[in-house]
Amino acid sequence: MIRNNIQQIKGKIADKCLKIGRKPEEITLVAVSKQNPLSSIIEAAKYNILDFGENKAQELKQKTSEFIGEINWHFIGHLQTNKVKDIISSTYLIHSVDSIKLAKEINKRAENIKKIQNVLIEVNTSGEESKFGLNLYDKIFELAEFCKSCSNINLMGLMTMAPFTDDEIVIRNSFRNLKNIFEKLNSEGFTLTELSMGMTNDFEIAIEEGATILRIGTAIFRN
Ligand SMILES: *Cc1c(COP(=O)(O)O)cnc(C)c1O
């Protein structure tokens, strides 16, 4: 099933890209493997999935200690400062930096192991209180500046989750909002390249709105 799911998703990404004049190669597909066993990860890796996303520090730590092979691990969940040490050595990209305190800890732990840690700033583009992430431009700018000042952090871009709704316009606005913030930061001296947005139910809209990283779980691992 995983094989078919991956083929289908890759096909949809390629079709959408073709339709709007983007290149599929500029989009990274992160298979969100949270709550799925290691065997599913091994299976997906066989079909050329090279990036996996986890949202719990403990689960990521466990899986990375058992998995043998070359893949990129992404941390996509809310990250508590005291958990940074558990994931720092194995994580390629942390999608969910939302405070200076957290960035400070990441920088410190990365320095300890002589690593430059890739990160994204999480933005709350929906205004939903249940979601993590920053929503004021000034706060995002301030955190971006802080990341830039950290010798062991590489700020690559921004991440968001669209609201849980069937309303395509609301979802699209959320992604547009992220892209606008991204462009504003770049016009103010940043060189961000990554927009992490789009999940099982909204990734095609995300591609249209400029996503460079899709985080897809259900559509890949469902039976
Ligand atoms: C679970 C999760 C996803 C994947 O969601 P699906 O709807 O299963 O594709 C993406 N991003 C984050 C932050 C998640 O927690």
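Predicted model: local features only at pLDDT ≥ 70, side-chain atom pairs only at ≥ 80, totals over all residues.
Student: Which distances go with Lys 34 and Thr 200?

Tutor: For Lys 34, a side-chain N or O atom is 2.8 Å from an oxygen atom of the ligand. For Thr 200, a polar side-chain atom lies 2.5 Å from a ligand oxygen. As for cover, the ligand exposes 390 Å² taken alone, and the protein buries 87% of that.

Student: Why is Ile 76 listed among the residues around the ligand?

Tutor: To be listed, a residue needs a heavy atom within 4 Å of the ligand, so Ile 76 has one. Val 32, Met 161 and Gly 217 are also among those listed. By class, that shell has five nonpolar, three polar and two charged residues.

Student: How do you know that the ligand sits in the largest pocket?

Tutor: The rule asks for more than half of its atoms within 2 Å of the pocket's grid points; the ligand is assigned to the largest pocket, so it passes. About 720 Å³ of space lies in there. Among the 31 lining residues, those closest to the centre include Lys 34, Phe 164 and Arg 215. Helix 7 (168-187) and strand 8 (213-216) each give two or more residues to the lining.

Student: What is the volume of the second largest pocket?

Tutor: About 240 Å³. Helix 1 gives the largest share of its lining, three residues.

Key:
Residues numbered from 1 in each chain as written. Heavy atoms only, no water. Polar contact = N/O pair within 3.5 Å; in protein donor to acceptor, adjacent residues only side chain to side chain. Areas by Shrake-Rupley, 256 points an atom, 1.4 Å probe, with all protein chains shown as cover. 1 Å grid on protein atoms, 1.4 Å probe; cavity = no way out; pocket = protein on both sides within 12 Å on 5 of 7 lines; lining within 4 Å. Nonpolar A, V, L, I, M, F, W, Y, C, P; charged D, E, K, R; others polar. Points joined across faces, edges and corners; volume = space filled by probe spheres on them. Helix = DSSP H or I, 4+ residues; strand = E, 2+ residues; numbered from the N terminus.
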